[in-house]
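Work through these exercises with the sequence and the model side by side. Each task is followed by a worked solution.

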Amino acid sequence: MHALEVNFDGLVGPTHNYAGLSYGNVASLNNAASFSNPQEAVLQGLEKMKAMHDKGLTQGVFAPHARPDLNVLRRLGFTGNDAQVIHKAFKADPILLRACYSASAMWTANAATVSPSPDTTDGKVHFTSANLNNKFHRSLEPATTTRLLKAMFNNDKYFAHHTHLPDQGFFGDEGAANHTRFCDSHGEQGLEMFVFGASAFNSQLPKPAKFPARQTLEASEAICRLHNLKDSSQILLQQNPDVIDQGVFHNDVIAVGNANVLLCHQQAFLNQALALQDIREAYVGNKEFYIIEVPTDKVSITDAVSSYLFNSQLVSLEDGSMLLVAPQECKRNSAVNAYIEEMIMADNPVNQVQFFDLRQSMQNGGGPACLRLRVALNEQELAAVNPEVILTDTKYTQLCDWAKRNYRDKLGASDFADSALLTESYQALDELTQLLNLGSVYDFQLEG
């Protein structure tokens, strides 16, 4: 059966801000305390979605989360009405309050792990929201993410939804940022590559020394079980601990794959030569499998992290070619730009590049690949998806209008004491759930 891959891009939330909350994410730390522009951020993301739609790709929209998270503030002892809770939290712990305002759910590559039906023994598409327990501000996301996924993929005949893994470090799960699927075509069985940073239980495996390993071996193994993955559709590899300590906090900062292509840095994996050999041998397709290994002497780890070359998207176009969707930072970095030009002229399927201005996202540590969750669907499964979350020309216009009416163009530290920001944010999201036909998915809707 014919199938395609749909990219569901996260809409940037109304409280998009720079708080430097993500230890191990160099860009996030470097831009802490800068002013943000939520309206510019959401429009930049929408522009990329529209460009993919215009290229003939099916493009989806993933709603943001409601922020601030008042429920967690109340659990932490802040009392009173909404305005009083915000005022008390701002006075007592402004960093905590900013964490509860974080719009980090915009990076939907972290939202969940998705296994398409050709890879699963029950023939369903499986979803497991990531627990994201390594960072407090991200650990607030799984329950809402699951409700959003169920509102988007609401048909038990085709879709299976799982509760996120236990909320502690032994099963640290960061979703599709450490998961890549290789295949001849999206409707055929593929090989799902799970990349972990360390093992929680096996002390014999190496670990990074400076920054945390956010994905554990045990979490990846659990996802394979939950998703009923065929044995031949799974391979588990360890990320190079040394590059984690250089700011490569997820595998999608050092490697990206699509169909029969893996683009990775020379230092991406532990025991890389053996890891790449294992991938080649495990690939279940019949087409030639391409591994594009970027040498350190052409692109350093520092350049890879600062430009987010590997956090670009690789997408297959209707004519069979592949497009690299890269941030403008790749074009501005001379070494990275030179390598991209060399790559698209070489003998491999990647023969086009398109650069996008995603500065608002990039400054917070997320590039094009961070903004999307990939879901491979056959025709029947796609027909069962909530149609209002699929981008059209009309939907794009509606979303741009919605953002311009509801989003501020500047946010700084003092704005988080203003309870009007909460009111604006909740009103915007209430309107969005109607625009995307999501029903009641946010706590403030369910409690109201």
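**Exercise 1.** In which loop is the place of Asn271? Then describe its backbone and its exposure.

Solution. This is a predicted model. Step one: find Asn271 in the loop between β10 and α10 (272–282). Step two: read its phi, which is near 50°, a positive value in a residue other than glycine. Most residues other than glycine have a negative phi. Step four: check the cover. Asn271 has a relative accessible area of 53%; exposed means over 50%, so Asn271 is exposed.

**Exercise 2.** Is Ala259 buried or exposed? Locate it as well.

Solution. Start with the place: Ala259 lies in the loop between β9 and β10 (261–265). Its phi is positive, about 50°, although Ala259 is not a glycine. Now take the relative accessible area, 9%. Buried means under 20%, so Ala259 is buried.

**Exercise 3.** Which peptide bond joins Arg67 and Pro68?

Solution. Look at omega, which is about 10°. The bond is cis. In general, most peptide bonds are trans. Pro68 itself lies in the loop between β2 (59–62) and α3 (70–75).

**Exercise 4.** Which residues is His250 in contact with, leaving aside its neighbours within four places in sequence?

Solution. First place His250: the loop between α9 (241–244) and β9 (255–258). Its relative accessible area is 2%, so His250 is buried. Then list the contacts: Asn110, Glu174, Ala177, Asn178, Arg214 and Gln239. Last, turn to His179. It is 71 residues from His250 along the chain, yet their C-alpha atoms are separated by 9.7 Å.

**Exercise 5.** Why is the sulfur of Cys224 too far from the closest cysteine sulfur for a bond?

Solution. A disulfide is a covalent bond between the sulfur atoms of two cysteines. The closest cysteine sulfur to that of Cys224 is in Cys183, 17 Å away. The cut-off is 2.5 Å, so this pair is too far apart. By this rule the count comes to zero disulfides. Cys224 is buried, at 5% relative accessibility. Cys400 is buried too, at 9%.

**Exercise 6.** What radius of gyration does the protein chain have, and what would a compact globule have?

Solution. Take the 448 residues: a compact globule would have a radius near 22 Å. The protein chain has 21 Å, which agrees. Next, the span of the C-alpha trace along its principal axes is about 60 × 45 × 40 Å. Finally, 60% of the residues count as buried.

Key: Residues numbered from 1 in each chain as written. Predicted model: local features only at pLDDT ≥ 70, side-chain atom pairs only at ≥ 80, totals over all residues. Heavy atoms only, no water. Rg over C-alpha atoms; globule rule 2.2 N^0.38 Å. Buried < 20%, exposed > 50% of the residue type's maximum accessible area, 1.4 Å probe, protein only. Helix = DSSP H or I, 4+ residues; strand = E, 2+ residues; numbered from the N terminus. Contact = heavy atoms within 4.5 Å.
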